[in-house]
Amino acid sequence: MSTTQPTTDTSGGGIGLWLAGGLILLLGALGVRAMLHEEVVVELTLEEQYRQHPRLRHLEFGGCEFGRTFDADTSDMVSVLVSKLDGRGGRDALEIARTEVAAAGAAAIEPLTRMFDQVFSDPFRQGVVQNILGACALMEDDSGLEIMRRGLDHPSDAALLAAVDGLRVRGQAIDYDRLKQRLVMTRSPGSRNAISAAMAYVDLQALLIDLAGWIERSENVDLYPGLTKKACGATEPEMVAKFLSLRSSPALSPVQQCYLIAPAARDGNLAALQELIETTADSHPARARAAIEALGFVGLGQEAQTAFLDHQGPKVRLAAAEVLAAYDDYEAILPAFERGLNDQSVEVRTFVRRHLVQQGHEHAIAMCIQDLRGDKLGRSTAIQDLMAEWDLDSGVPERAFQALKARVAEPATAKDRNDLIRSIGFIPLREAAEFVMAQYDVLPPTIGHLDSFEWCCGAVFNTGEAGMQLLRELYAAETDPMKRIALIQYIWQDKAEASLEVMLEAFLDEATNPYERLFLADRMIRIGPATRLAPIIKRTYLGITHPVVRPALQCILWSFYGDHYQDS
């Protein structure tokens, strides 16, 4: 019988066998692990798919702080919405409340005034004061004017600016003196500029008289950059002559002088006009741009043509293009703009082409159509230029669609193909929307962070009303739960009555999945109005028994429609 004795193998063979054995074990373990991994893949239940869906993750599934049944009164939603300006309902609730309170107008003034009185002197609630003033500024009438006037007395710069912003839109001549007093008391540069701009809005003639006096005395020099432009609005002969005489004031910069002489140029002063025209050729770009802008302010924009065609500075030529585009006589500036299509500056060429497209200029449109067949950058610029004036009767959208559709049929990388399809999504045609939607089956499963179906929904959304009609129709017929969520995500965003009706119909249908009803409620709240939706959503919530969806919907209702934050 033979035995094997342990020996020392200096060649390392024993170690090699040991390593080989270990490697076999390791590979075996990895193989088993890979097999186990394949076997461990478990499909999520529908409920798990809903709860883990990226569009629903923000909803409170089991973590809502409001444990009480939603029993708030929804008959007076204006007061409830005003209470949300407190901000503690969350950012989304605040933004919705601000918009809807503004839309309520006069009906919101009583509760707004009550809350304004409560928080005005509280140093910890200055943000609430700003929210109230912001809602008043958004009103389409003068209902919030008195509250905005009271805001001028607030010690906070932020609240003051909110009040001034509102007066810059809704203020009246009687507000001028109060604004002027506040200007004297204010040292913040931003606040002073805003107040002086509001003064110009509420009573321009009073502001021009004050401005002339300030220039004579070299006062409030910090306001000259903004206010000297207002001098172009002088129409009274005495004021026009006054500004012309002040143009040599040492307090003024050469740029500011341009605005003071412009009214005289408009009124026939040939020397003033000649000086402005010569200044448009100034080698200093800022002064040349000021002269061009001043000519535009007083209706003499056609005098900027020479600068547009000949000035060496691209920013000066762009400024001239902007003034020429605003000029009333399109035919007078057309030859210059046609030359501008070949400008050396991309910015100038783009601006000129976009303006010509808006005017229906065939050559500019043809250039855009040609660029749609080119590279991504040219295609993107062309789409933006054409979007400036999508005239459905002109046939331009159809031409653009056919050009891009032909490019999609050509060989391309997946990335370029996706970009082409996205570009088609900007064309406001039903057939363009249908073409885009039909692509999701041939696209990669995911594009970026979206699955191909939702990505196509987003591209169709960009087509405008044509695409929205298609999305609403698809939603009504779709049976796949996750695709329905994707469709909702885009349907709600146009905030149109037709979209709300489609969503309401599904929300009120008891056959609709509870999680989808929850998402519908969350999105409909963002469309509004609360006066209509709050009672409907509350009534539906009371009939829902789903153990997860009911408390989540309860949380939404308290956040957006609950009045528990109101001060007693």
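Predicted model: local features only at pLDDT ≥ 70, side-chain atom pairs only at ≥ 80, totals over all residues.
pLDDT is the predictor's confidence in each residue, on a scale from 0 to 100. Residues are numbered from 1 along each chain as its sequence is written, and side-chain values use heavy atoms, with hydrogens and water left out.

## How confident is the model?

The protein chain has an average pLDDT of 91, and 92% of the residues score at least 70. Over residues 1-37, pLDDT stays under 50. A contact means heavy atoms within 4.5 Å, and for residues 1-37 the model has one contact beyond four places in sequence. Residues 564-568 also have pLDDT under 50, and here the model has eleven contacts beyond four places in sequence.

## Helices that pack together

Helices here are DSSP runs (H or I, at least four residues), as strands are (E, at least two), and both are numbered from the N terminus. Two packed helices are described by the angle between their axes and the distance between the axes. The axes are lines fitted to C-alpha atoms, for helices over the stretch in contact, and the angles run from 0 to 180 degrees between N-to-C directions. Angles under 35 degrees count as roughly parallel, over 145 as roughly antiparallel, 65 to 115 as roughly perpendicular and the rest as oblique.

| Helix pair | Axis distance | Angle |
|---|---|---|
| α9 and α10 | within 9 Å | roughly 165° |
| α13 and α14 | within 8 Å | roughly 135° |
| α10 and α11 | 5 Å | about 130° |

Start with α9 (residues 176-185) and α10 (residues 189-202), whose axes cross at roughly 165°. That angle makes α9 roughly antiparallel to α10. On the α9 side, the contact is made by Y176, L179, K180, R182 and L183, and on the α10 side by R192, I195, A198, M199 and V202. The crossing of α9 and α10 is left-handed, a word used if the near helix is turned anticlockwise from the far one by less than a right angle, while clockwise gives right-handed.

Helix α10 also packs with α11, at an angle of about 130°, and these two are therefore oblique to each other. M199, A200 and V202 of α10 meet L204, L207 and W214 of α11.

Further along, α13 (residues 237-246) and α14 (residues 254-266) cross at roughly 135°, which makes α13 oblique to α14. Their crossing is left-handed. V240, F243, L244 and L246 of α13 meet L260, I261, P263, A264 and R266 of α14.

## Buried or partly exposed?

Buried means under 20% relative accessible area, exposed means over 50%, and partly exposed lies in between (1.4 Å probe, protein chains only). V316 sits in helix α18 (residues 314-325) and counts as buried because its relative accessibility is 0%. Leaving out residues up to four places away in sequence, V316 touches T280, P285, A288, R289, I292 and H311. R287 is 29 residues from V316 along the chain, and their C-alpha atoms are separated by 9.4 Å.

F351, found in helix α20 (residues 346-358), has a relative accessible area of 26%, so F351 is partly exposed. With residues up to four places away in sequence again left out, F351 touches L318, A321, E322, A325 and F337. The C-alpha atoms of F351 and A234, 117 residues apart along the chain, are separated by 30 Å.

What about cysteines? C136 is buried, at 0% relative accessibility, and C368 is buried with a relative accessible area of 0%. A disulfide is a pair of cysteine sulfur atoms within 2.5 Å, and a search of the whole structure finds zero disulfides.

## Some backbone details

Most residues other than glycine have a negative phi, and most peptide bonds are trans. With that in mind, look at the loop between α11 (204-217) and α12 (224-227), where S218 is found. S218 is not a glycine, but has a positive phi of about 55°, and at 39% relative accessibility S218 counts as partly exposed. N220 lies in the loop between α11 and α12 and has a positive phi of about 50° although it is not a glycine. N220 is partly exposed, with a relative accessible area of 23%.

Finally, G528 and P529 are joined by a cis peptide bond, with omega about 0°. P529 lies in the loop between α30 (514-524) and α31 (530-543).
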